[in-house]
Amino acid sequence: MLFNFQLSTPAQGLVDITNEVTEAITESGVNEGVCIVYCPHTTAAITINENADPDVKYDFLMGMDKTFPDLVSFRHAEGNSDAHLKSSVVGASEMIIVSKGKPLLGTWQGIYFCEFDGPRTRKFYVKVMGG
Ligand code: ZN
């Protein structure tokens, strides 16, 4: 089953979408299987990371900015090449094991929609498969 979600994002930020993914799995009725969380945007991404200390999100974005600065020598006229780089490196999707009707995550893991060029209205898909 395929589910789609919409969200409003900040200028840059990690939005916790663990509850939405869990909700999709519950609604699918799949008990054992996998799910794919997919972002159909070129300046955003999906990742799994720590959900305990909010400073991790801050440090993640700061580290991304240091690693991928907005260079004046970039050619892309839209002016968001740094966001395109971050999107590709973090990746458009995550595959998560579904066990006992829930995403099989570690104690400190959450699923995040990563915005690198907001604020915008964005969407993401969750595909849940049994097996
Ligand atoms: Zn662009």
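Is Asn80 buried or exposed? At 2% relative accessibility, Asn80 counts as buried, where buried means under 20% relative accessible area, exposed over 50% and partly exposed in between (1.4 Å probe, protein chains only). The views below come from a predicted model, in which local features need pLDDT of at least 70, side-chain atom pairs count only at pLDDT 80 or more, and totals for chains, interfaces and linings use all residues. Residues are numbered from 1 along each chain as its sequence is written, and side-chain values use heavy atoms, with hydrogens and water left out.

**View A. The zinc site.** His76 (NE2), Glu78 (OE), Asn80 (OD1) and His84 (NE2) coordinate the zinc ion at 1.9 to 2.2 Å. Donors are N, O and S atoms within 2.8 Å of the metal (3.2 Å for Na, K and Ca); water is not among the atoms, so sites may look incomplete. Along the chain, the donors follow the spacing H-x1-E-x1-N-x3-H. The arrangement is irregular because the four donor atoms subtend angles of 88 to 149° around the zinc ion; four donors count as tetrahedral only if all angles lie between 85 and 135 degrees, four count as square planar and six as octahedral if opposite donors are over 155 degrees apart and all others between 65 and 115, and anything else is irregular. His76 is partly exposed, with a relative accessible area of 35%, whereas Asn80 is buried.

**View B. Strand 1 and its partner.** Strand 1 (residues 2-8) and strand 8 (residues 121-130) run antiparallel and are joined by seven bridges. Helices (H or I, at least four residues) and strands (E, at least two) are DSSP runs, numbered from the N terminus, and two strands pair if DSSP finds at least two bridges between them. Leu2 lies opposite Lys127 of strand 8.

**View C. Strands 3, 5 and 6.** Six bridges pair strand 3 (residues 33-38) with strand 5 (residues 93-99) in the antiparallel sense, and Val37 has Glu94 of strand 5 as its bridge partner. Strand 5 also runs antiparallel to strand 6 (residues 102-103), to which two bridges join it, with Ser99 opposite Lys102. Two residues separate strand 5 from strand 6 in this hairpin, and Lys100 in the turn has a positive phi of about 55°.

View D. An open, antiparallel sheet has the strand order 2-7-4. Strand 2 (13-16) and strand 4 (44-50) are the edge strands, each pairing on one side only. Four bridges connect strand 2 with strand 7 (residues 109-115) in the antiparallel sense, and Leu14 stands opposite Cys114. Helix 2 (residues 55-67) packs on the sheet and touches strand 2, strand 4 and strand 7, its direction making about 140° with that of strand 2. Contact means heavy atoms within 4.5 Å; axes are lines fitted to C-alpha atoms, for helices over the stretch in contact, and angles run from 0 to 180 degrees between N-to-C directions.

**View E. The nonpolar cores.** The largest nonpolar core has 20 residues, and Ile17, Cys35, Val37, Phe124 and Val126 have the most contacts inside it. A nonpolar core is a set of buried Ala, Val, Leu, Ile, Met, Phe, Trp, Tyr and Cys residues joined through side-chain atoms within 4.5 Å. A second, separate core of eleven residues includes Ala45, Met64, Tyr112 and Phe116.
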